[in-house]
Amino acid sequence: MKQINFFICMLLTFTMTTRGSDAIRLNPADTAKTKGLGSAPDVSLTMPSGFTATLFAEGLGKARHITVTPSGYVYVKLASAKKGSTIVRLKDKNGDGVSDEEVDFGTFKGTGIKVKNGYLYASSDEEIYRFKLNADGTVLNPAQPEKIVTGLISRGEHEAKAFTLDNNGNIYVNIGAFSNSCQIEDRKTASLGRKPCPVLDSAAGIWQFKADKANQTYADGIRYATGLRNVVGIDWNTTNNSLFVMQHGRDQLHSIFPAMFTDKQNAELPAECMYELHKGSNAGWPYIYYDPFQKKKILAPEYGGDGKKTAGEDAIDPVVAFPAHLAPNGLLFYTGTQFPKKYRNGAFIAFHGSWNRAPEPQEGFYLAFVPFSNGKPSGKWEIFANGFSGGPKNTASGGALHRPCGLAQGPDGSIYVTDDVKGTVWKISYK
């Protein structure tokens, strides 16, 4: 397989330029290499020295979340069907870091997928299913999954049912808000917010269900946390035994309230937030948003805010605040030992990239890393892997060749990254 050296001139251009960011930038000396599948990769990734990215698979379709069995089978969930199937099983049989086996099955589109305790769990926009796994990590009966949760809300906005599982038999499911900011007329100029916001009754939060009980509905679930506009990146932190999520922040402060917010503020507010959740947690949507420059919870303009008034005294604070509109779609706590010590138990985030920062350049399309110690962030976040978009012009315009989405850790300690534009899967390893 052909190896492509990274162009040093590209390294400086793929760093975070957003005002107010606390990101650590890649050192220009940090390089890595990408192996292809017989043809030259269409992008070159920049990563810290010692890391290698292998093109594990290509052309899968709209690849969303990803999971790996202890035996090394890689399962990818597709947002739409590929040749009639929506789950792809991959395997590297000869140990060269590239998949040489593909099996397609499943009939329900969606985002979430996770291996846990001998089962493969996967979601559509309305249900959670599970498949029993054989001892080798293959699915016992691909045509007949067990339906675990049914009838979840899907109203055409923020419908992806991302989920994770704890170690006590529970599954945690995102029910995204079918609204931007709970206005009387959604996304209309000067329309005020509904109070109380009726969306919170059935959505805009995380619902907890039993992982082994069939045909559960809302009545069987527990609203574990509320005030979350939409969560796609979600993972269970085993260090402190708690749930962490990445929220997609609200849009259009300037276009809805043009007299109050500038175009620049529209691009840079509010923060994309990482939250640690416990039963009963409230993150404050739609009444507040988090301003990363003031480092405060700010009253939303729909509810009488002016960009300065604080609110949300009963709402939790984010554990990390990232720049606006980067669309965090993947969250993974690294528990392996292959990577250097600084990465162990830390959080990787896949930022899918922005669409709504104009007239400022679009941003994101990279993997970030947050160091953790004793279950808490212990340093500034940094850009870990960049270049998925194909170049600074593609990033600025939003015309990315690839958009990172899902993250998973393999049994050897490597991590896998999906892309839902071209259906590429990268395997990132350290040597």
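**Notebook: a buried tyrosine, a sheet and some salt bridges**

I began with tyrosine 366, which counts as buried because its relative accessibility is 1%, under the 20% cut-off. I keep in mind that this model is predicted. Tyrosine 366 belongs to strand S25, residues 366-370. I also looked up its separation from aspartate 314: 52 residues in sequence, and 33 Å in space from C-alpha to C-alpha.

Next I turned to a sheet. I found an open one of four strands, ordered S16-S17-S18-S22, with antiparallel pairing. Its edge strands are S16 (231-237) and S22 (320-322), each pairing on one side only. Neighbouring strands here are turned by 20° against each other on average, direction ignored. I then followed S18 (residues 272-277), which pairs with S22 in the antiparallel sense over three bridges. Methionine 274 stands opposite valine 320 in S22.

Then I went through salt bridges, of which the structure holds 19. In one of them, aspartate 420 meets arginine 64, with the closest N and O atoms 2.9 Å apart. This pair links distant parts of the chain, 356 residues apart: aspartate 420 sits in the loop between strands S30 and S31, and arginine 64 in strand S4. Aspartate 420 is buried at 10% relative accessible area, and arginine 64 is buried at 12%.

I noted a second pair, aspartate 251 and arginine 229, whose closest N and O atoms are 3.2 Å apart. Both residues are buried. Which residues join them in one network? I found Glu157, Asp186, Arg187, Arg229 and Asp251 joined by salt bridges that share partners. Within that list, aspartate 186 and arginine 187 form a salt bridge at 4.0 Å; aspartate 186 is partly exposed at 29%, and arginine 187 is partly exposed at 27%.

Conventions: Residues numbered from 1 in each chain as written. Predicted model: local features only at pLDDT ≥ 70, side-chain atom pairs only at ≥ 80, totals over all residues. Heavy atoms only, no water. Pairing = 2+ DSSP bridges. Helix = DSSP H or I, 4+ residues; strand = E, 2+ residues; numbered from the N terminus. Axes fitted to C-alpha atoms, helices over the stretch in contact; angles between N-to-C directions. Buried < 20%, exposed > 50% of the residue type's maximum accessible area, 1.4 Å probe, protein only. Salt bridge = Lys/Arg side-chain N within 4 Å of Asp/Glu carboxyl O.
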